[in-house]
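Here is a short tour of one protein model, moving from a single side chain to a helix, a pocket and a sheet. Have a look at the structure first, then read on.

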Amino acid sequence: MTSCGCLVLEKVEGQGGDAAARGRAKLAPGPGVGAAGCGSCAGEWRSRSEAIFPIYVMGSSRAGTAAVARGIVDSPDDPIWEAVKSEAKSEAEKEPILSSFLYASVLSHDCLERALSFVLANRLEDPTLLATQLIDIFNDVMMNNKDIYRSIRLDAQAFKDRDPACAQYSWALLYLKGYQSLQSYRIANVLWNQGRKVLALALQSRISEVFAVDIHPAAKIGEGILLDHGTGLVIGETAVVGNWVSLMQGVTLGGTGKEHGDRHPKVGQGALIGAGATILGNINVGEGAMIAAGSLVLKDVPPHSMAVGNPAKVVGYTEKEDPSLTMKHDARRDYFEHAAIRY
């Protein structure tokens, strides 16, 4: 059976037998593509499904993303680094005034790790913590850690794929503070796990000052991450963020008080967290979940669900695996109103 590809909402029975006001998005079966019987459904429901914020109905394949990741990290040619060098050369020719900057930041180095160390050290230096000292620390961490080798490349791919403002890999490395702050955190995290906690905390403090991004060095963050814009992002000490997650500006993964121990959110693989969303406490945001901008989340969010509001409520589900990969942002209130009336 073929599918018309339209998003529909089903009423789902909640606990205790009460009808829940949530929907489950699925592909409605119908005639083949282009059949007349699908025209009304396609026009009406596609426009609404694409207009809701933040439903990302054009989900990408997790298997395809994993295949790309393997190609990036297993290739002997290091395609990300080769692209960065090629872009830097081209930009130096187009904008000669930046040629010295591009040579010092990219073209004078023999690998992505050393170039990144140079860029981050010069962003994070201060009068008492010199760039030369930071370069030595950062090189020692990045040149001896296989996880960082993977992460800095897969994060760069995430920025290139998901942020339309990032037209080149080199832009993430040189100009986007979301990428720079994320890689700075990764270094601090390695230092923290090595027992160099005071240095890790000093680095966290400096990252917060320079990038306006505050990630505790003990937090656990996966690979293929997008921090879009980054400004105002806060991630607490015991938070966990899975692979392929996208977080917009102003997101907080915080605690709910002064309790100790495991007290911060756990965000599953492929989730997308909208701008200004606040998620508090030791709760779970399931794989492939979507949290709308400005939402306050205080309870678990099921996998592949859409949570909206203050406090956030689940309003629907999608069968797409990883909404973080599509980054589609549209809003229209009448979608909810129409769905409530029709279903």
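Tyrosine 149 is partly exposed, at a relative accessible area of 27%; that label covers values between buried (under 20%) and exposed (over 50%), worked out with a 1.4 Å probe on protein chains only. You'll find tyrosine 149 in helix H7. Helices here are DSSP runs of H or I with at least four residues, strands are runs of E with at least two, and both are numbered from the N terminus. Setting aside neighbours within four places in sequence, tyrosine 149 is in contact with Val73, Asp78 and Glu113, where contact means heavy atoms within 4.5 Å. Leucine 112 sits 37 residues away from tyrosine 149 in sequence, yet their C-alpha atoms are 8.9 Å apart.

A quick note on the source: this is a predicted model, where local features need pLDDT of at least 70 and side-chain atom pairs count only at pLDDT 80 or more, while totals for chains, interfaces and linings use all residues. Residues are numbered from 1 along each chain as its sequence is written, and side-chain values use heavy atoms, leaving out hydrogens and water.

Now for helix H6, which runs over residues 131–142. From first C-alpha to last, its 12 residues reach 16 Å, close to the 16 Å expected at 1.5 Å a residue; the expected span is 1.5 Å times one less than the number of residues. Among the buried residues of H6 are Leu134, Ile135, Phe138 and Met142.

Next, the second largest pocket. Its lining has 15 residues, with Asp147, Ser151, Arg186, Asn189 and Ile221 nearest the centre. H7, H9 and E4 each give two or more residues to this lining, and H9 provides the largest share, five residues. A pocket is an open set of points on a 1 Å grid over the protein atoms alone, where a 1.4 Å probe fits, with protein on both sides within 12 Å along at least five of seven lines; lining residues have an atom within 4 Å of a point.

Finally, there's an open sheet of four strands, paired in parallel in the order E4-E7-E10-E13. Strands E4 (220–221) and E13 (284–285) are the edges, each pairing on one side only. Two strands pair if DSSP finds at least two bridges between them, and two bridges join E7 to E10.
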